[in-house]
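Hi everyone, thanks for coming. Let's walk through one chain together, and please have the structure open as I talk.

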Amino acid sequence: RDSCGAGLVGDWSAPISFKTYCLPDSAPYFQDFEGSQFVVQSSFFSTGTLHPCWERSHELGPVWQPSPSSAWPSNQLPSFDKTTGSGKYLGGVLYLGNGSNHQSSFTSPHIDISGLSRPEISFWYFLGGYSFNTNKLELEVNNGSGWQLISTINGPVQSSTSDAWLEQKLSLSAFTGDTIRLRFSSIGNTLYATTAAGVDDISIYNDSTCHPPSNLRANSVSTT
């Protein structure tokens, strides 16, 4: 309340609540969403809860939540996680019916990657759905100067809930020495469709200087 002089004060203001960011985690960093504070929904009317240092754009409707859930099993999300095959991941099912370019996202806590000289991120993803023209999973990074898009995965990629998770690896060299946040977004782009996305096993580490072989091919193969 304000004091305007001796014996002249205003009314007390209503209580004010606020939330501060968590202290940054340090890289190397790994998140598999198996912790007890990632809670799978217990009923049809709940949406589960995230660790308090993580945020999501929606608490109702097109929401990212710890998955899979027996309370509201999805015929679009995988029934198994990447880590153990029986654990948790973050999954988001976005039902479209009144417009296009609908989006739902979740955001990591701050991660200090200043201890890495060649920072790289790896994550495993699932991107499915039905009755749509396009959908996508985006990853953005914010080092304090605004969100910067570093990856777009166009879907659908997986067509069945039993399809394997796929890995994405990306350089974070543009953010060397920084503290960053990650934001994953699931986006649909048509009417009357469902897009389903899952993310698991997020790792930030030093890129190896000796990479495994890739894009192998054989030429002039014969029987001798």
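Among contacts between residues at least 6 apart in sequence, 76% join residues at least 24 apart; contact here means heavy atoms within 4.5 Å. What you see is a predicted model, where local features need pLDDT of at least 70, side-chain atom pairs count only at pLDDT 80 or more, and totals for chains, interfaces and linings use all residues. Residues are numbered from 1 along each chain as its sequence is written, and side-chain values use heavy atoms, with hydrogens and water left out.

How many helices and strands does the chain have? There are zero helices and 15 strands, taken as DSSP runs numbered from the N terminus (helices are H or I, at least four residues; strands are E, at least two). Of the 224 residues, 41% are buried. Buried means under 20% relative accessible area, exposed means over 50%, and partly exposed is in between, with a 1.4 Å probe and protein chains only.

Now to the inside. A nonpolar core is a set of buried Ala, Val, Leu, Ile, Met, Phe, Trp, Tyr and Cys residues joined through side-chain atoms within 4.5 Å. The largest one has 30 residues, and Phe123, Leu137, Ile180, Leu182, Ile202 and Ile204 touch the most other members. Strands S10 (119-130), S11 (135-142), S14 (179-188) and S15 (193-206) each supply at least two residues of this core. Apart from it lies another core, of six residues, including Leu77 and Tyr89.

Let's zoom in on Ile180.

Which side chain does the side chain of Arg183 make a polar contact with? The partner is Glu140, at 2.9 Å. A polar contact is a pair of N or O atoms within 3.5 Å; within protein, one must be able to donate a hydrogen and the other to accept it, and residues adjacent in sequence count only if both atoms are side-chain atoms. Leaving aside neighbours within four places in sequence, Arg183 is also in contact with residues including Ser105, Phe106 and Trp147.

Last stop: Ser173, in the loop between strand S13 (166-171) and S14. Why does Ser173 count as partly exposed? Because its relative accessibility is 49%. The side chains of Ser173 and Ser171 are joined by a polar contact of 3.0 Å. Ser173 and Leu116 are 57 residues apart in sequence, yet 9.4 Å apart in space, C-alpha to C-alpha.
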